[in-house]
Amino acid sequence: MKPREIVLSTLPTPEDLAQLRLGDIVYLDGLMYTAREGVYMRALEDKANIPMELPSESAANFHCSPAATIREDGSFNMGAVTATASFRFAKWLPEWMAKTGAKLIIGKGGMSSKDYKSYFVPNGAIYLSTVGYGTGALLGRGVENVEAVHWNEELGLAQAMWVIRCKRMGPFIVASDLEGNCLFERENERISRNLEHVYEGTRPAVLKRFGETDDRTDELIG
Amino acid sequence: MIPIDLIRKTARSLMDKAAIEIPEDYLEGLQEAARTEDGDLSSFVLQAMLENYEATKEDRRAMCGDTGVPRWFVKMGNAAQVEGGMCALETALRRATAEATNGVPLRPNRVHPLWRTDHNNNVGIGAPEIEYGFEPEGDWIDLITVHKGGLFGTDYRMLFPSDGIQGIKRFYLDSLVAFGKRGLACQPAIIGIGLGGSKDTCMALGKRASVLRTVGSRNSDPKIAALEDEFKELGNSIGMGAMGFVGKNMVIDCNIEVGYCHTGGMQMSVHAFCLSSRRAVARLYPDGRVEYRTDPDWFTPYQRRETVDWSPALEAAE
């Protein structure tokens, strides 16, 4: 069965979000911004003023560093656009969502259902995953205009806050819904059923590593 | 003598090719995967990737927004000479990397590990890496650039002879399952396995197995070649496809390289060259000829030699 395809605004209504199902394919219209560890630390830990009106301008936070450069005349050259893995940002996301009203968190690989249930659902937000990963050129085609780049002096081009006007940017996959269900956990659960069979005929290493046991008095042998 | 200007110009052009043109062997491998994939979501992902490679070539833009950490491998025939010497060559490769970062553009991925300083040009301490290999014949040099993604899919473990093939399989599966979930390894990938050497050479062997060999190539040792076939099939039997969705394509190919190791150990490393398996190669001759290709052809009989002296005649007779 082919997945459903849906065009969504980066300022989505609660009704827009309620209709989305895990595994739907989404294309985005409107303004989005990139923010990852650099932006989170500067805004939340260093308490710098966020240089955009959020969420009135955009409710879409992209975990992304684009392949982009600022030309000498100040204009932008944005080529490919791809997400980075989001689980590393769980530390900052609850506060960020509360502060900015983000409804769409867009990135690579999603978060855990625990994250979704504890702060996505109360904020009425969902998670969209990029596809591949690495549809950088397709996503790049969805960039209608680069509106601004903030904090590039302080954070460098890769960590800067890029403001992008999207026109049918995608594809993205709906990886969480308003109830906090997690697409990747659903898939993992299905795959796990087969794992015992795949591991038949293999053997654990004779020298263990910490992490395989949390008992630090363990000698790790045998 | 190979002119330094030619090296600079060719290196710059290789940076573009690597970022933009998916190598044919990997593309064919992925097309084959797309034909056999029957998971709904996995199929959608593979189709989207195939469309992405088209868009990349049409638009001449980087195939992935994470343009990896550009690095260089330089292979030289024994009689090759570079105008200005090898330091001039290294400067040329660093300059090409910096220029391409602004030109393509690439993402300025390289930062200081502690201070996160970003020169915005993918050049810094130890970056890009430049590694060397030599061949007994020839006055050419091969420039190979690889733009490998960096964060997930690689692991190392000290195994021991008593772990045997069963232990090797376990660590292989553990690596695929751990990094394949949610597609963190950006599979289906070219999986490289390094066996033996020391810890550092084991990592280098595995990395080179994934980035310097092509899809469909096989180790010259028939028993290792059989293991490569077996491991490819094993990886694809996990039931995990692109993005960690239910599917049957995780491994486009599995390449294994070995090096002699300490008698008590059996070092193992696993590496994943992702959906953006970016590599580009050119051979430069002293008369100014440049031949572009995508097969690094790194693991020649000379690279895998076992004896003190190199004797191609003896090697051929075996």
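Mentor: In this predicted model, the contact between the two chains brings together 62 residues of chain B and 65 residues of chain A. The area buried between chain B and chain A comes to about 5000 Å², and carbon and sulfur atoms give 58% of that area. Three residues, Phe44(B), Arg157(B) and Arg182(B), supply 16% of the area that chain B buries against chain A, more than any other three residues. Charged side chains also pair here: five salt bridges are found across the interface of chain B and chain A. One of the salt bridges in the model joins Glu58(B) to Arg141(A), with the closest N and O atoms 2.9 Å apart.

Glu58(B) takes part in this pairing, and helix α3 of chain B spans residues 40–59. Let us therefore turn to how this helix packs within its own chain, since two packed helices are described by the angle between their axes and the distance between the axes. The partner is helix α2 of chain B, residues 24–36; the two axes come within 10 Å and cross at roughly 150°. Angles over 145 degrees count as roughly antiparallel, so α2(B) is roughly antiparallel to α3(B). The crossing of α2(B) and α3(B) is left-handed.

On the α2(B) side, the contact is made by Tyr26(B), Leu27(B), Leu30(B), Gln31(B), Ala33(B) and Ala34(B). They meet Leu46(B), Gln47(B), Met49(B), Leu50(B) and Tyr53(B) in α3(B).

Key:
Residues are numbered from 1 along each chain as its sequence is written. Chains are lettered from A and ligands numbered from 1 in the order in which they are written. This is a predicted model: local features need pLDDT of at least 70, side-chain atom pairs count only at pLDDT 80 or more; totals for chains, interfaces and linings use all residues. Side-chain values use heavy atoms; hydrogens and water are left out. Axes are lines fitted to C-alpha atoms, for helices over the stretch in contact, and angles run from 0 to 180 degrees between N-to-C directions. Helices (H or I, at least four residues) and strands (E, at least two) are DSSP runs, numbered from the N terminus. Angles under 35 degrees count as roughly parallel, over 145 as roughly antiparallel, 65 to 115 as roughly perpendicular and the rest as oblique. A crossing is left-handed if the near helix is turned anticlockwise from the far one by less than a right angle, and right-handed if clockwise. Contact means heavy atoms within 4.5 Å. Buried area is the accessible area (1.4 Å probe) that two parts lose on being put together, summed over both. A salt bridge is a side-chain nitrogen of Lys or Arg within 4 Å of a carboxyl oxygen of Asp or Glu.
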